[in-house]
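This report is meant for a reader who is meeting the structure for the first time. Please keep the sequence and the 3D view open while reading.

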Amino acid sequence: MADIFVAKKKKIELKDELPPIKKEVTPLFETELKQEKKEEKDQRFAHEELFHFRNKEVSLFSSFHLYPSNVFFKEQEEGEEIILLLRKHFMTNFPWIAIAIIITIAPVIFFIFRSYFPVPPLPDKFNVIAFLFYFTVVGAYVYMNFISWFFNISLVTQGRLIDVKFIDIIYHDMAITRLSLVEDISFTQSGFLRSLFNYGDIFVQTAGEKLNFDFLAVPEPDHVLNIIENLMGGQKDVQ
Amino acid sequence: MYSNLQFLLNPFFLLKVMILVMIFVFLVFMLIVLNQVRSMAKRVNQPKTPLIVTIGIVILLAAASLFLTSLVIL
C-alpha cells in the first residue's frame with residue numbers, strides 16, 4: 001500500500017512541472033460559419049481588378065474603397081459592416097484645381113507686368129496685407145472645394161445604402177435606404193474622360209421615402225453595380 | 001468744429017476699414033465652415049477627418065492673425 005502511495009505523489013509532481021496546455025477548440029459549426037462567410041465575401045468580390053482596393057488604409061484622396069477600416073457613421077447599427085465607400089472620382093476636382101493654380105499664379109504675373117496696369121501707388125503695408133489676405137482667401141477656396149468633395153460620400157453596407165451630401169457648405173443631407181427597398185439600379189458611363197478614367201453615374205430607384213439615390217461620377221461603376229446587385233440579388237440594367 | 005473728423009475722408013482710412021471689414025466677414029465665414037465640418041465629422045467618421053479639421057483651424061487662425069495685424073499696422 002505504501003508503494004502505491006509514493007507512485008501517486010510522483011505523478012502529482014510531474015503535473016506541477018509541466019506548463020498547462022490550453023487549446024481553445026472552436027466548435028465545428030462556428031468554423032463552418034466563418035468559412036461560409038469568407039466564401040461569400042470572396043464570391044462577392046470575385047473581380048481580380050478589385051483586390052488591390054481591399055483592406056487598405058483609407059487615404060485622403062481615395063474615392064473607392066472595399067471594407068474601409070476606421071470608417072463609421074452616426075446611424076450605424078450594431079454589427080453593420082461598411083462594404084463600400086464611394087466618392088466622386090478625383091478627376092472631377094480638376095476644374096477647381098485648375099482655377100486654384102491660375103489664381104495662385106495670377107499675382108506673380110501681375111507683378112511681372114505691373115507697368116502695364118494703371119495701379120495707384122499704395123503704401124507697402126497695404127500691399128502686404130492685401131497680398132496675405134489674397135492668399136488666405138485662395139487657401140480657403142481650395143479648402144472648401146476639397147471638403148465638399150471629401151464629405152460627399154456614399155456608403156454601402158450589407159443591408160443599406162447611405163448617401164451623404166455636402167454641397168455649398170450650408171447644405172448637407174443624409175439619406176438612407178434599405179437594400180430590400182431598392183427596385184431598380186442602373187449606371188451610365190458616357191464621355192471621353194469618363195471612359196478614360198473609368199467612372200460613371202449610378203442611379204438607384206427605391207420604394208422608400210426618397211425615390212432616387214444617385215451616386216454621381218463614382219469610380220468602377222460596373223463593379224459597384226455588381227456589388228450592390230449581389231447584396232440585393234437582382235437583375236442588371238446597363239445603359 | 002468738424003476738423004477732427006477730417007480723417008474719415010482720408011482714402012487710406014476708408015481702405016483700412018474696407019480691408020478690416022473684408023477680413024472680419026471672412027473670419028465669420030470660416031467659423032461657419034468649421035462648424036459644418038465638425039458636424040459632418042460627427043456624422044461620418046473617416047480616418048483623415050482630424051487632418052481636415054486641423055487645416056481648417058490653421059486657415060481660421062491665419063485670418064484672425066491677419067485681422068489683428070492689419071488693425072495694428074494699417
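## Chain B

The model described here is predicted. Chain B contains 2 helices and 1 strand, and from its N terminus onward these elements follow the order α-β-α. Its C-alpha atoms occupy a box of roughly 65 × 20 × 15 Å along the principal axes, and its radius of gyration is 18 Å, whereas a compact globule of 74 residues would have one near 11 Å.

Of the 74 residues in this chain, 16% count as buried. Among the contacts in chain B between residues at least 6 apart in sequence, 67% join residues that are at least 24 apart.

## Where the two chains meet

In the contact between the chains, 28 residues of chain A touch 28 residues of chain B. On the chain A side, β2 (72-73), α4, β5 (160-167) and β6 (171-178) each supply at least two residues, and the largest share, 13 residues, comes from α4(A). Sorted by class, this side of chain A has 21 nonpolar, 4 polar and 3 charged residues.

## Helix α4 of chain A

Helix α4 of chain A covers residues 124-150, and because each of its 27 residues is taken at 1.5 Å, the helix should span 39 Å, which agrees with the 39 Å between its end C-alpha atoms. The buried residues of this helix are A:I129, A:T136, A:M144, A:I147 and A:F150, and the buried residues of α4(A) pack against α1 (11-43) and α2 (49-73) of chain B.

In soluble globular proteins, nonpolar side chains tend to be buried together. The largest nonpolar core in this model has 35 residues, and those touching the most other members are A:L84, A:L86, A:L155, A:I202, A:V218 and A:V224. Strand β3 (residues 82-86) of chain A gives the most to this core, with 5 residues.

A second, separate core consists of 5 residues, including B:I23, B:F26, B:I59 and B:A63.

Key:
Residues are numbered from 1 along each chain as its sequence is written. Chains are lettered from A and ligands numbered from 1 in the order in which they are written. This is a predicted model: local features need pLDDT of at least 70, side-chain atom pairs count only at pLDDT 80 or more; totals for chains, interfaces and linings use all residues. A nonpolar core is a set of buried Ala, Val, Leu, Ile, Met, Phe, Trp, Tyr and Cys residues joined through C-beta atoms within 7 Å. A residue is buried if 20 or more other C-beta atoms lie within 10 Å of its own, exposed if 12 or fewer, and partly exposed in between; C-beta atoms are placed from the backbone. Helices (H or I, at least four residues) and strands (E, at least two) are DSSP runs, numbered from the N terminus. The radius of gyration is taken over C-alpha atoms; the globule rule is 2.2 Å times the number of residues to the power 0.38. Two residues are in contact if their C-beta atoms, placed from the backbone, lie within 7 Å. The expected span of a helix is 1.5 Å times one less than its number of residues. Ala, Val, Leu, Ile, Met, Phe, Trp, Tyr, Cys and Pro count as nonpolar, Asp, Glu, Lys and Arg as charged, and the others, Gly among them, as polar.
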